[in-house]
Amino acid sequence: MEAKMDFTNTTSIRKHSSGDLHSRLKTRKLLGVGETDDGDVHRSKLSQILGHSEQLYVKLPRGLRIWQVLVSVMFTTTALWALLFPGHLFDLSFEENDGKHAQLPIRLYGAALLSLSIVFWSTCQSVDRDVIRWSLMSTIVYFVIQIIACSISLVRYGITLACIFTLLGSLGCVIMGFHFYLSLSTKEHARPKGQ
C-alpha cells in the first residue's frame with residue numbers, strides 16, 4: 001500500500017511539471033514535434049492542426065494607426081473639397097481665377113480620391129501585414145507622383161507658394177510612408193518579443 005502511495009505522489013509531481021506551458025514548449029521543440037517553417041513551436045495541438053495564423057503574431061509599429069487615420073482624413077477631405085468646390089480647389093492650387101473651366105477634371109480627381117479614401121478607411125482596422133503594406137505602398141506611389149507633378153509645374157510655370165507647400169507636404173508623406181512600410185517589413189514586427 002505504501003508503494004502505491006509513493007507512485008501516486010510521483011505521478012502528481014510529474015503531472016504538475018509537465019503541465020507548465022514553458023516545459024511543454026521546450027519538450028515539443030526538443031522532440032521536433034509541431035515546429036513551423038520559421039522554427040516556432042505550436043502552443044497547442046489545436047493550433048498545430050489548424051495551422052499557423054500570421055494575423056495572431058503581427059506587432060504593428062508605433063504610430064501606424066494614427067498615420068493610417070491621418071492619411072484617410074487627408075484623402076477624404078481633399079476628395080470632398082474637389083467634388084463640392086472644384087473651382088475653389090483649382091484657384092487655391094494654381095493661384096489663378098480660372099477654376100470655372102476645369103471643374104469636370106477636378107471632380108473626376110475628387111471621385112478617384114474618394115474611392116482611395118474608402119480603401120484607406122477599410123485598412124485602418126486590418127491586422128493583415130500584406131494589406132497594410134499595400135495601402136502604405138499606394139500612398140507612397142500617390143505622393144511620389146504628386147512630387148513629380150509639382151516639380152514639373154515648378155519648372156514650367158515658376159515657383160508658386162501652393163506648389164511649394166504641396167511639394168514639401170508630399171515629401172513628408174513619402175518619408176513617413178516609407179518609414180512605416182520598412183518598419184512593418186522587418187522581422188521584429190513579425191512576431192511579439194520573447195518568441
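How many of the 195 residues of the protein chain count as buried? The share is 30%, where buried means under 20% relative accessible area, exposed means over 50%, and partly exposed lies in between, with a 1.4 Å probe and protein chains only.

This is a predicted model, in which local features need pLDDT of at least 70 and side-chain atom pairs count only at pLDDT 80 or more, while totals for chains, interfaces and linings use all residues. Residues are numbered from 1 along each chain as its sequence is written, and side-chain values use heavy atoms, with hydrogens and water left out.

## The chain as a whole

The protein chain has 8 helices and 0 strands, and from the N terminus on its elements run α-α-α-α-α-α-α-α; here helices (H or I, at least four residues) and strands (E, at least two) are DSSP runs, numbered from the N terminus. Among the contacts in the protein chain with a separation of 6 or more, 62% are accounted for by residues 24 or more positions apart, contact meaning heavy atoms within 4.5 Å.

## Helix α7 and its surroundings

Helix α7 covers residues 129–157, which makes 29 residues, and reaches 42 Å from its first C-alpha to its last, close to the 42 Å expected at 1.5 Å a residue; the expected span is 1.5 Å times one less than the number of residues. After α7 comes G158, whose phi is positive, near 95°.

The buried residues of α7 include I132, L136, T139, I140, F143, I147 and C150. An α-helix has 3.6 residues a turn, so residues three or four places apart point the same way. The buried residues of α7 pack against α4 (64–84), α6 (103–123) and α8 (161–185).

Leaving aside neighbours within four places in sequence, S126 is in contact with R65, V131 and I132.

## How the helices pack

Two packed helices are described by the angle between their axes and the distance between the axes. In the table, axes are lines fitted to C-alpha atoms, for helices over the stretch in contact, and angles run from 0 to 180 degrees between N-to-C directions.

| Helix pair | Angle | Distance between axes |
|---|---|---|
| α7 and α8 | about 155° | 8 Å |
| α4 and α7 | about 50° | 12 Å |
| α4 and α6 | about 155° | 8 Å |

Angles under 35 degrees count as roughly parallel, over 145 as roughly antiparallel, 65 to 115 as roughly perpendicular and the rest as oblique. The pair α4 and α6 is therefore roughly antiparallel, and the contact of α4 with α6 divides into 16 nonpolar, 7 polar and 2 charged residues. In these classes, Ala, Val, Leu, Ile, Met, Phe, Trp, Tyr, Cys and Pro count as nonpolar, Asp, Glu, Lys and Arg as charged, and the others, Gly among them, as polar.

Helices α7 and α8 are also roughly antiparallel to each other, and by class their contact has 19 nonpolar, 7 polar and 2 charged residues. Helices α4 and α7, by contrast, are oblique to each other, and their contact has 9 nonpolar, 3 polar and 1 charged residues. In that contact, L64, R65, W67, Q68, V71, M74 and F75 in α4 meet I132, S135, L136, T139, Y142 and F143 in α7.

L64, in helix α4, is buried with a relative accessible area of 1%. Not counting residues up to four places away in sequence, L64 touches I132, L136 and F180; L64 and L136 are 72 residues apart in sequence and 9.9 Å apart in space, C-alpha to C-alpha.

Y109, whose place is in helix α6, is partly exposed, with a relative accessible area of 34%. Apart from residues up to four places away in sequence, Y109 touches T78, A82, Y142 and Q146, and the C-alpha atoms of Y109 and T78, which are 31 residues apart along the chain, are separated by 9.5 Å.

V144, in helix α7, is likewise partly exposed, with a relative accessible area of 33%. Between V144 and L171 there are 27 residues of separation in sequence and 7.6 Å in space, C-alpha to C-alpha.
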